[in-house]
Amino acid sequence: MSRFGKCQNQAGCLLAYRGEETEVEDGAPFICAECGKALTEVQPPSAMWLKYLAGIGIVVVLGVGTLLALPQTRGLIVPRKSKDATPAPKVMEPEPDPVAVETAPEAQPPPEMVAPVKIDLDVSKKENKTVKTEVLKRVDLMPKVSNPNKDKLYGAVERARSMGIILTIPFGSGKTDLSATDLQRLRSELEKPEVQKLRGDPTAVFVILGYADPKGDAQKNIAVSQTRADTVLKAMRDKCDVINVMHTVGMGGSKLLDAQNLEKNRIVEIWAVLP
């Protein structure tokens, strides 16, 4: 029987950052397939559905009981009050103390840049295929890119034999710039041996995808996401000496990364594409 778990290593694991559940076969090590950290066990989907159905059953039973009880009250006669009767004094009941309502903390992007433990360039992987499809849709809608450049970018992504994410960079609400600490971390990540190997391949193309959360005006979100991507490209070229061909794509307001915690979509992703 399989077990289900979630990784809590949000600072260094994309599966933890996306909140994805991992199914582990009985007898197999109960660890994250992405970063190797121990998983926190969660209920399997079937158990969650049983609880949901049980809750519905209780509501139905209570509703039927209430309806059956209603006819019994129709024959009751309310005694008429005498005009001379002295009204009973009202008893002032103390008001209950206000109950403090706990509000869930606002979801945020990861607190720092997140790099996969190992770069996965398998273009047939579900996540990579989904992003590839979304990028191809977005390329056709880019308003400030000439048709020849669109064709180059579209062709590089469409014909990619390998494609995978190498770095996720978070941004604050409305922010489009990188701090000095961000630049130092970006330079450090791009100096890692796996990334250096890609940088040394003249056919490798880096595609920088900018995202925004889907709140607010759609056109403004597109502009913000494009500016974020352009900022990262400029830093890679001018501060990190990356000489590979690079393209930016503003993906606009998106739920692609997290449909529940929308703020987690305020990021830039750097993808390596080998056509």
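Arg 185 lies in helix H5 (residues 180-190); helices (H or I, at least four residues) and strands (E, at least two) are DSSP runs, numbered from the N terminus. The model is predicted: local features need pLDDT of at least 70, side-chain atom pairs count only at pLDDT 80 or more, and totals for chains, interfaces and linings use all residues. Residues are numbered from 1 along each chain as its sequence is written, and side-chain values use heavy atoms, without hydrogens and water.

Arg 185 is partly exposed, with a relative accessible area of 26%. Buried means under 20%, exposed over 50%, and partly exposed in between (1.4 Å probe, protein chains only). Not counting residues up to four places away in sequence, Arg 185 touches Glu 112 and Met 113; contact means heavy atoms within 4.5 Å.

An open sheet of four strands runs in the order S4-S7-S5-S6, with mixed pairing. Two strands pair if DSSP finds at least two bridges between them. Strand S4 (162-170) and S6 stand at the edges with a single partner strand each, so one side of each lacks a neighbour in the sheet. S5 and S6 pair in the parallel sense over seven bridges. Gly 210 has Gly 250 in S6 as its bridge partner.

Helix H4 (residues 147-158) has 12 residues. Its buried residues are Lys 150, Leu 153, Gly 155, Ala 156 and Val 157. These buried residues of H4 pack against helix H3 (126-139), strand S5 (205-212), strand S6 (245-253) and strand S7 (267-274).

Terms used. Expected span 1.5 Å × (residues − 1).
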